[in-house]
Amino acid sequence: MASPPEIRIRSVGTELPGPPVDNDALVRRLRMPSQAKDWIEAFIGTRTRHFGFDLETGEVNDSLTDMGEAAGRRALKAAGAEPGQIDLLVMGTSTPDTLLPTTASQIADRLGIDSVPVYQLQSGCTGAMQAMAVASQLLRGGGYRNALVLGADTTAKYFDLDAPVKSLNSGAQVATVMFGDAAGATVLSADPDATGPVLRSVFSRLVGLNRAPGHTMNWYAATKPDPDEDIAGEDYKAIEQLVPQMSVEILDELLAEQSWKAEELDYVLPPQLSGVMTGKIARLLAQTVPGAQEVSCVLDTGNTANALPFLQLELLLPMLRPGQRAVAVSVESSKWIKAGFALELEG
Amino acid sequence: MTSIEDFIGLIDEELGLQVTAEQVEATFDQIPDWDSVKLLWLATALEKAIGRPVRFADLLEATSLGDVYRLAVATV
C-alpha cells in the first residue's frame with residue numbers, strides 16, 4: 001500500500017485591516033482614564049492592533065468575508081494557484097459574519113472557488129490548527145490535491161464603543177484591549193510536485209473534561225440578551241495558570257513525536273495571547289529549546305485568535321532555510337484545547 | 001481621604017469590593033477577586049479622592065492595598 005502523501009505549505013497570505021491602532025488611540029476613544037495606557041503596557045503588553053471597523057464611528061469597513069477574501073487571494077497568488085485548482089476549503093473562526101451562509105462559503109464565492117467541499121469550524125485560538133488538521137487528513141486521503149485553509153476573526157460585533165469600559169466585567173475589559181482583527185490563509189498541497197515546507201504533524205485535542213471554560217463568547221438573535229449574562233467573559237486567572245504548562249506539554253509532545261532533539265529545533269511559534277503572556281510562555285519554552293528563535297506577532301497585531309498562526313507563519317517562511325525545523329504551539333481556553341504543528345523545510 | 005477607613009470605603013464604593021483592615025495589608029493574591037483591572041480603577045478613584053495625579057508606575061511597585069494607600073497618602 002502506498003504511503004500517504006506529504007503535505008506541503010505552498011504559501012501564506014494574511015490581511016490586517018486598517019491602520020495600526022496604538023494604546024493611546026484606543027484609550028482615548030474608549031474614554032478610559034489616562035493610566036489605562038500604563039495598565040495596558042504593564043499587564044497586557046500589546047502595542048498595536050488592527051480593526052475592521054472605523055474606531056471613531058464604529059462603521060465596519062472590512063467584514064470577516066472581506067478580510068478572508070484578501071488573505072485567501074494573497075495565499076493563492078503566492079502559491080501560483082488558480083481558484084480552480086483548489087479542491088477543498090476549510091476555515092476556522094469564532095466570529096462569522098452570518099451564521100448562514102457560512103463566511104467560508106462567502107469567501108469561496110468571492111475567490112471563484114466552487115463545486116468543492118467547504119467546511120467552517122467554530123473555533124478560537126486553535127482554529128488554524130484545527131482547520132489545517134482537517135484539511136491535511138482529507139488531503140492524505142487521496143481524493144484532493146490542494147486545500148485553501150483560512151483562519152479569521154473580527155471583534156466588530158463585540159465592541160460597544162459607547163459602553164463605559166468600567167461597566168464591563170474584568171475579563172471583558174482585558175479582552176477589549178487584547179484582541180484585534182485579522183485573517184490568514186495558506187495553501188496546503190498533497191501534490192508531489194509542490195514546493196514549500198513539509199507539514200510533519202498537526203493536531204488539536206480537547207482537554208476540557210471537568211474544566212470550566214476559560215473564555216466565553218455569547219451570541220443572541222431574536223431573543224434579548226439575558227441581562228445577567230455577559231456577552232463575553234475571560235477567566236484570565238485560569239488562563240495564566242494553565243496555558244504556560246500546556247504550552248510546554250505541546251512542545252514536548254511534538255518534539256517526541258518527530259524524534260527531534262531540542263537542539264534540532266530552529267524556530268518556535270508560541271501562543272499569542274498578549275505581549276506579556278506570550279513573553280512569559282516564550283521564556284518558559286526557551287528552557288526546553290534554548291536555541292530556537294521565537295516567532296511572534298502579538299505585540300503589533302494583538303490577539304487575532306483564528307488568524308494568529310498564519311501571521312506567525314508569514315513571519316517564519318522567509319527566514320526558514322533548507323534543513324530547518326519549526327514548531328507552533330497554541331492553547332484555546334474556551335473549553336481548553338491543545339494544538340500545534342511541526343514543519344520542516346527539506347534540504 | 002485621610003484615613004485607612006476612608007480608603008476601605010473608597011474601595012467598596014468604586015470597585016464593589018469589601019475588604020477588611022487585615023486584607024489591606026495582605027498581598028494582592030490573597031484578596032479574592034482582586035486583579036489588575038481593579039488596580040487601574042482604584043488609581044483613577046484615588047486621583048479624584050486626593051485631587052492629585054497618582055503615577056500608575058508607582059502603583060506597580062505595590063504588593064498590597066496598604067502599599068497603595070501609603071503611596072496615595074504620600075502624594076497628598
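## Helices in chains A and B

Let's start in chain B: the axes of helix α1 (residues 4–15) and α3 come within 10 Å and cross at roughly 120°. This is a predicted model, where local features need pLDDT of at least 70, side-chain atom pairs count only at pLDDT 80 or more, and totals for chains, interfaces and linings use all residues. Residues are numbered from 1 along each chain as its sequence is written, with chains lettered from A and ligands numbered from 1 in the order in which they are written.

**The α1(B)–α3(B) pair**
- On the α1(B) side, B:Leu10, B:Ile11, B:Glu14 and B:Leu15 meet α3(B) residues B:Lys38, B:Trp41, B:Leu42, B:Ala45 and B:Ala49 (contact puts C-beta atoms, placed from the backbone, within 7 Å).

**Helix α2 of chain A**
- In α2(A) (residues 35–44), A:Gln35, A:Ala36, A:Trp39, A:Ile40, A:Phe43 and A:Ile44 are buried (20 or more other C-beta atoms within 10 Å; exposed is 12 or fewer, partly exposed in between).
- These residues sit on the same side of α2(A), because they cover an arc of only 145° around the axis.
- Their cover includes α1, α6 and α8 of chain A, plus α3 and α4 of chain B.

**A:Leu284**
- You'll find A:Leu284 in helix α8 of chain A.
- A:Leu284 counts as partly exposed because it has 16 C-beta neighbours inside 10 Å.
- Beyond neighbours within four places in sequence, A:Leu284 is in contact with A:Pro244, A:Ser247 and A:Val248.

Key
Helix = DSSP H or I, 4+ residues; strand = E, 2+ residues; numbered from the N terminus. Arc of directions from axis to C-beta. Contact = placed C-beta atoms within 7 Å. Axes fitted to C-alpha atoms, helices over the stretch in contact; angles between N-to-C directions.
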